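Dear colleague,

Please find below the sequence and the structure for your review. My findings follow directly after them.

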Amino acid sequence: MDKLIIEGPVKLNGEVEISRAKNAYLPILAAVLLNDKPIHLKNLPELRDIKTMIKLLSNLGVEVTTNGNVTTFNAKNLNSHEATYDLVKTMRASIFTLGPLLTRLKKAKVSLPGGCAIGTRPIDLHLSNLEKLGAKINLEAGYVEATCEGGLEGNILALAFPSVGATENLMMAAVFANGKTIIENAAKEPEIDDLANFLNAMGAKITGIGTSSIIVEGVDELHEVEYEAIGDRIEAATYIMAGLMTQSELKVSKFNPHHLDFVIEILKDMGAKFEVGEDYVKTLPCELTAAKIDTAPFPGFPTDAQAQMIALMTQAKGVSIVAEHIFENRFMHVPELNRLGAKISLQGNTAVIEGGTPLKAAPVMCTDLRASAALVLAALCAEGKTTIDRVYHLERGYEKLAEKLSKLDVKIEKVNS
Ligand code: UD1
């Protein structure tokens, strides 16, 4: 298993370009299954989850060709309606194939994704609302089997919680449903807008984009399209926090800072200094003070930036408090950060961080994607060489992390153990 060795403390220098968003491209890749015409996607990030989704598409009969930074998908001749356990178990986002397969082929069989390190993560909202669109659903031998003989029928769907994945799956399923589907209490994350824009770019009829009431008018066919997803706001937030923690002047570019409005406001309240441009944020050296945050659906503070924020709070003077409201088991970075000298205690879904603590290098272990990012941030501030084990978690979501950091003057080495 690969390890990262980072020597701290460091100052970051220069500019880091943000990759296209994994969480936008995963549902967009699943939506490839809707279209029997070619789809050209630009700058797919080189990430394990993206490769897994492409493998899943290939297994279903999608032809994939690459030319420079453009990957072309042709789902004209699908030869299977089944997403098997061997791939689904490695990536929950495989469940995104359920809506598109069902509405295109009138049947779909997708392995149940099961739990993951950060919680049980059920898919009840996906399934109960697909049933409201007329799907017949059976759970058997670890698989969801869905059929809709005469096609799906538009309906009014009210989500009990604004689930990102359920909103995306239902939006895709509704593309070919008869009549109008309204998704109430829809999630409003920027990646959902991006999926809707992509679907519209190939001929879908979706309105209410960016609101909690998304309207999908069913269409009969889609056309060829070229598309590039938005910049990854979570990768951007991670590098911005890295810049602030290390008192660096760091330009984080090629993403939309409005996707981080809430995070930027919180950081400003903590004393952070930035220059904010149209597609970049530049951090400036500053003294940080404590804050209290609650994770929430967009536009609130993203759960995917919670671990990185806790790492930053170890360097902010005073006592910070972070409450996690989206996932029940998302504090696995806390014991690892404490190994580096952080003073963080946990009470239920709340972390209390005694800030302004000097960190010291130690061997630590990645447990999930964002927890791993928090360890990298802490390692940048810790005195000495921190060894971070199990970096495959990082490779699920941070494109060329070691390369990007080393360009910013970080002494970072990847070793195979
Ligand atoms: C997506 C993101 C993930 C992010 C999360 C919340 C992708 C590929 N992943 O995950 O990075 O952390 O949004 O912003 O885009 N829930 C149910 N029943 C359901 C669906 C969800 O109870 O049918 C619960 C989940 O267990 C969780 C909460 O709702 O506690 C949020 O989940 P959801 O918004 O669906 O997240 P994902 O789409 O899984």
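Is Ser248 buried or exposed? Ser248 is buried, with a relative accessible area of 1%; buried means under 20% relative accessible area, exposed over 50%, and partly exposed in between, with a 1.4 Å probe and protein chains only.

Before the details, two notes on conventions. This is a predicted model, in which local features need pLDDT of at least 70 and side-chain atom pairs count only at pLDDT 80 or more, while totals for chains, interfaces and linings use all residues. Residues are numbered from 1 along each chain as its sequence is written, and side-chain values use heavy atoms, with hydrogens and water left out.

Surroundings of Ser248

Ser248 is found in the loop between α8 (233-245) and β15 (249-253); helices (H or I, at least four residues) and strands (E, at least two) are DSSP runs, numbered from the N terminus. Leaving aside residues up to four places away in sequence, Ser248 touches Lys11, Leu12, Gly243, Thr283, Leu284 and Pro285, where contact means heavy atoms within 4.5 Å. Its C-alpha is separated by 6.9 Å from that of Asn13, 235 residues apart along the chain. The side chains of Ser248 and Thr246 are joined by a polar contact of 2.7 Å (a pair of N or O atoms within 3.5 Å; within protein, one must be able to donate a hydrogen and the other to accept it, and residues adjacent in sequence count only if both atoms are side-chain atoms).

Helix α8

Of the 13 residues of α8, 13 are buried, so the helix is largely enclosed by the rest of the structure. At its start, a side-chain oxygen of Asp232 comes to within 3.0 Å of the backbone nitrogen of Ile234. Gln247, which follows α8, has a positive phi, near 55°.

Helix α2

In α2 (residues 48-59), the buried residues are Asp49, Ile50, Thr52, Met53, Ile54, Leu56 and Leu57. These buried residues pack against α1 (22-31), β4 (63-67), β5 (70-74), β6 (82-83) and α3 (85-88). After α2 comes Gly61, with a positive phi near 105°.

Yours sincerely

Definitions and conventions:
The expected span of a helix is 1.5 Å times one less than its number of residues.
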